[in-house]
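Subject: the structure you wanted to look at

Hi,

Here is the structure, ready to open in your viewer.

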Amino acid sequence: MLRTGRPTTILAAALAATIAAAAPALAGTGQPSPWQLGLQGAVTPIFHQAHSFHAFLLAIITVIVLFVLALLVYCVVRFREEKNPVPSKTTHHTLLEVAWTIIPVLILVVIAIPSFRLLYAQYSPPPADLTIKVVGRQWNWDVVYPDANELTLTQIMLEPEELQPGQPRLLAVDNNAVVPVNKVVRVHVTSDDVIHSFAMPSFGVKVDAVPGRLNETWFKAEKEGIYYGQCSELCGLAHAFMPIAIQVVSEDTYNKWLEAAKTDLEAAKKVLQQASVSSLTSVASR
Ligand SMILES: [Cu+2]
């Protein structure tokens with residue numbers, strides 16, 4: 001029985017690898033896409049790593065599922081009453097029992113190594129170039145720039161009638177947070193009232209926003225564009241209506257935006273419009 005597992009294993013691994021390779025092509029980046037399969041596209045090193053880990057696990061579980069299925073089919077066919085009228089009274093098989101204990105342990109060890117590596121990477125940020133603080137509220141997010149005179153952007157979800165062409169429903173907000181591309185952004189996360197959760201799928205970031213506690217996460221976005229996330233902790237009536245929007249722009253645009261935003265938010269939005277029309281349309285069409 002164990003011998004028949006080998007060719008099955010190789011076939012299953014090939015199948016899983018094909019599925020894993022196809023999944024990112026079908027996923028949206030920065031926002032979900034219709035009929036999306038798999039995770040959103042990755043734009044940070046951590047989420048690239050999480051994507052690989054996900055694909056690796058998918059291959060392993062596919063092999064295990066197919067192997068167990070093959071065993072079941074074999075048993076059902078081979079040991080059906082018609083073919084096997086006198087059942088065997090065997091109850092123990094030492095080698096088999098040792099094998100089905102040791103092999104799963106080894107599989108778990110193989111999974112644990114990349115898992116801990118990813119966990120360690122998530123909690124060991126490189127030195128930060130910039131810090132922002134996000135504060136969850138019933139029901140919106142505030143994004144604070146502590147190094148820019150506590151500049152505070154209140155993000156309120158746009159109603160369907162307020163949406164501009166290309167802006168996603170239930171995700172677009174009035175004031176996008178802005179960060180520079182390829183810079184390490186440290187994010188302090190807290191809440192003003194109840195527990196929320198700050199989640200940005202394309203960044204591979206999700207951390208609880210807890211009143212009275214400052215949680216920390218980080219990201220380094222490698223591609224310009226607008227990325228959307230949502231509150232991911234059931235926080236009350238309008239939980240589904242407190243999206244997060246982060247716009248990643250060139251360092252130059254970021255500096256100009258920050259300078260303008262310190263005094264006039266509307267003027268700062270115009271800086272963004274002028275500078276990033278191209279990146280805006282490219283992400284929206286993806
Ligand atoms: Cu919330």
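The protein chain has 6 helices and 10 strands. Keep in mind while you read that this is a predicted model. Of the 286 residues, 28% count as buried. Taking contacts between residues at least 6 apart in sequence, 64% join residues at least 24 apart.

Helices first. Helix α2 covers residues 45-78, which makes 34 residues. From its first C-alpha to its last it reaches 49 Å, close to the 50 Å expected at 1.5 Å a residue. Its buried residues are Phe47, His51 and Val63.

Helix α3 covers residues 94-123 and has 30 residues. It reaches 43 Å from first C-alpha to last, close to the expected 44 Å. How many of the 30 residues of α3 are buried? The number is 0, so α3 lies largely in the open. A residue needs 20 or more other C-beta atoms within 10 Å of its own to be called buried.

An unreviewed UniProt entry places the feature "transmembrane region" at residues 51-77 and 98-120. In the model, residues 51-77 are 100% helix and 0% strand, with the end C-alpha atoms 39 Å apart. Residues 98-120 are likewise 100% helix and 0% strand, and there the end C-alpha atoms are 33 Å apart.

Now the strands. An open sheet is formed by 5 strands in the order β3-β2-β1-β5-β8, with mixed pairing. β3 (151-155) and β8 (215-219) stand at the edges with a single partner strand each, so one side of each is left without a neighbour in the sheet. On average, neighbouring strands of this sheet are turned by 25° against each other, direction ignored.

Within that sheet, β2 and β3 pair in the antiparallel sense over 5 bridges. Tyr145 stands opposite Leu151 in β3. Is Asp142 buried or partly exposed? It is partly exposed, because it has 17 other C-beta atoms within 10 Å, and buried would take 20 or more. Asp142 and Thr154 are 12 residues apart in sequence, yet 4.5 Å apart in space, C-alpha to C-alpha. Leaving aside neighbours within four places in sequence, Asp142 is in contact with Val135, Arg137, Thr152, Leu153 and Thr154. A general point to have in mind as you look at the strands: in a regular strand, side chains alternate between the two faces of the sheet.

The other strand to look at is β6 (residues 196-200). It is mostly covered, with 4 of its 5 residues buried. It is joined to strand β7 (residues 205-209) by 5 bridges, and the two run antiparallel. His196 stands opposite Ala209 in β7. β6 and β7 form a hairpin with 4 residues between them, and Gly204 in the turn has a positive phi of about 70°. β6 also has 2 bridges to strand β9 (residues 225-231), again antiparallel. There, the bridge partner of Phe198 is Cys231 in β9.

That's what I have for now.

Cheers

Key
Residues are numbered from 1 along each chain as its sequence is written. This is a predicted model: local features need pLDDT of at least 70, side-chain atom pairs count only at pLDDT 80 or more; totals for chains, interfaces and linings use all residues. A residue is buried if 20 or more other C-beta atoms lie within 10 Å of its own, exposed if 12 or fewer, and partly exposed in between; C-beta atoms are placed from the backbone. Two residues are in contact if their C-beta atoms, placed from the backbone, lie within 7 Å. The expected span of a helix is 1.5 Å times one less than its number of residues. Two strands pair if DSSP finds at least two bridges between them. Axes are lines fitted to C-alpha atoms, for helices over the stretch in contact, and angles run from 0 to 180 degrees between N-to-C directions. UniProt positions are given in the numbering used here, feature names are shortened, and annotations may be inferred rather than shown by experiment.
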